[in-house]
Amino acid sequence: MIGVLADPAEQNVVREFFELFKTPWEFYRRDRQYDVLLCAGDGQCDGTAKLVFFYAGRKTPFDDEQKIQTGRQRKHACVLSYQGNRIPIYGDTITFPENRGDLLTDEDSQECAAFLDQSRDKVLVRIGYDLFSEVRTLLTVGQPSANANMPALELHIAFLRDLITGCGVPLVEIPPVPDGYQFVACLTHDVDHPSIRQHKWDYTMFGFLYRAVFSSLRKLIRGQMSVQDLLTNWAAALKLPFVHLGLAKDFWREFDDRYLELEKGLHSTFFVIPFRNYRGRNSHGPVPTRRGSRYEAQDIAVTIRKLMTAGCEVGLHGIDAWLDCSKGREELEEIRRLTGVSEIGVRMHWLYYDQQSPLALETAGAAYDSTMGYNETVGYRAGTTQVYRPLDASQLLELPLHVMDTALFYPSYLDLSPRQARILLGQMVDNAVRFGGTLTINWHDRSVAPERLWEVCYRDMVQDLKSRGAWFSTAGQAISWFRKRRSAAFETDSILPGAVRAKVAVDHGDNLPGLRLRIHKATERSEIGAHRSENYADMPVNERIDVTVPSEASR
Ligand SMILES: [Zn+2]
């Protein structure tokens, strides 16, 4: 059991952190004994626990009390590293120049940023940043795109977990991993352009022609496109007048069949635009006209029914819902009307989103949001692979978006070749396997048609996800699974000392994979950062599970 002493203003952050690092904990009570006492910020630290972790990015009275020599305080972002992991820090950090521990090192100065001090029967670990202020930053502002590849929040959890077990304390946890799988894969599709016939003499049509004819040639020269794909695109460009005349098939219209065939029953999620020719608003100024869509969900009502019959989910690709809850209600209502489903999730068009959006979307009645991601790159904007509750929301959960096809391939974004994209995606699957949680992917509707032809890359990625043990779920199912995990509760009172009981409210009709309980063995200090799978054991959790984990005291 971890006792937490933190600034009272950070209580909601602490609660959310321990939904993501789901292990027994409580706010510190004077009358209780803890295996680990975690103090953060300026919180007064009680010195009676045997193992104390003190997180603060500046010199505190506790440092004077414990005669800890502190170095300079840094007020700008930096990267701390431990055992090859890089953890970006956005708030204050402080180093400890007199200490030579290798727990955590400031990458620039190579100074020690966390050390462990053992005197008599007590262990103190002083960590030179404020954990909960970092978590707050990640779950609100998010990370700049330069740090997109670092799952910062998962690394904070991994570091803390490693410290606990490395100090000889075993740990139980309900990891973000569905029983029987390694992680969750959410395949999603923003439906922006379901018909090229609707684009006559506009930005989209000229863009298509330019990219099909000239950009394809450039890609061929750079070895990023095959001759066959080049010819497919040129043929599509030649066919375009006939598509407009109704004499040839609309090649953007076939996205539903293409994805159903590629996914073969894996159940993806399609986000559709509610109203046509409405570009929406922005809090900073005018929005480009081209944000307005040429179609509206009603135009593809038959497709929506077909996708739902095949087991796919249809959500809202919102326009103003992110900043205006009454507009959000109208947008959601349109998708409810067409799907006949009351619980509708949202991803905003062009990923419009700010810190007020969770509350606006929750007030509008959205079932969840999946907008927190990057347009220009791929990675972890909120620093996490997990579904989380934004700090201002009371019900709404966020399924972070990790990979968008356009970020991978657009010349103005990452501009990757299919091979480079495969390598980068493989690294993100590695992270999903290591940390659990979800890998949320957005492959747009027209990406499997000319002129993008990003179908092979998509197919290979789905194959890789399959072979690495993904549970493929719709966005809504992933949200439900994480709600189930959030509903699990640990009991430590009134049972055997050292025993932990996990109680889960399971809805037996939910058809979702179960939860698992993971028992991490106590290890040696040298094991910190080693990530050995033999250091833990998993067991499935049904309605209730009792396990006895010897605490340090009783071993
Ligand atoms: Zn969009």
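Leaving aside its neighbours within four places in sequence, which residues is cysteine 325 in contact with?

Figure 1. Apart from neighbours within four places in sequence, cysteine 325 is in contact (heavy atoms within 4.5 Å) with Ala360, Thr363 and Ala364. Cysteine 325 belongs to helix α9, residues 325-339; helices (H or I, at least four residues) and strands (E, at least two) are DSSP runs numbered from the N terminus. With a relative accessibility of 26%, cysteine 325 counts as partly exposed. In this scale buried means under 20% relative accessible area and exposed over 50%, with partly exposed in between, for a 1.4 Å probe and protein chains only. From C-alpha to C-alpha, cysteine 325 lies 37 Å from lysine 75, and the two are 250 residues apart in sequence.

The model is predicted, so local features need pLDDT of at least 70 and side-chain atom pairs count only at pLDDT 80 or more, while totals for chains, interfaces and linings use all residues. Residues are numbered from 1 along each chain as its sequence is written, and side-chain values use heavy atoms, with hydrogens and water left out.

**Figure 2. The zinc site.** The protein donors of the zinc ion are Asp192 (OD), Asp192 (OD), His317 (NE2) and His349 (ND1), at 2.1 to 2.7 Å from the ion. Donors are N, O and S atoms within 2.8 Å of the metal (3.2 Å for Na, K and Ca); water is not among the atoms, so sites may look incomplete. Angles among the four donor atoms run from 51 to 125 degrees, and the site is irregular. Four donors count as tetrahedral if all angles lie between 85 and 135 degrees; four count as square planar and six as octahedral if opposite donors are over 155 degrees apart and all others between 65 and 115; anything else is irregular. The spacing of the donor residues in sequence is D-x124-H-x31-H. Aspartate 192 sits in the loop between β13 (183-191) and α5 (203-221), and histidine 349 in the loop between β16 (346-348) and α10 (357-364), so the pair ties together parts that are 157 residues apart in sequence. Aspartate 192 and histidine 349 are both buried.

**Figure 3. Strand β1 and its partners.** Ile2 and Val4 point one way from β1 (residues 2-5), Gly3 and Leu5 point the other way, and all are buried. Strand β1 runs parallel to β3 (residues 36-40), joined by four bridges; two strands pair if DSSP finds at least two bridges between them. Leucine 5 has cysteine 39 of β3 as its bridge partner. Three bridges join β1 to the parallel strand β2, residues 25-27, where isoleucine 2 is partnered by tryptophan 25.

**Figure 4. The open sheet.** Its nine strands follow the order β2-β1-β3-β4-β11-β10-β9-β6-β7, with mixed pairing. Strands β2 and β7 (85-89) stand at the edges with a single partner strand each, so one side of each is left without a neighbour in the sheet. Within the sheet, β3 and β4 (residues 51-55) pair in the parallel sense over four bridges, and leucine 38 has phenylalanine 53 of β4 as its bridge partner.

**Figure 5. The loop that holds lysine 264.** Lysine 264 is placed between α7 (255-263) and β14 (269-272). At 64% relative accessibility, lysine 264 counts as exposed.
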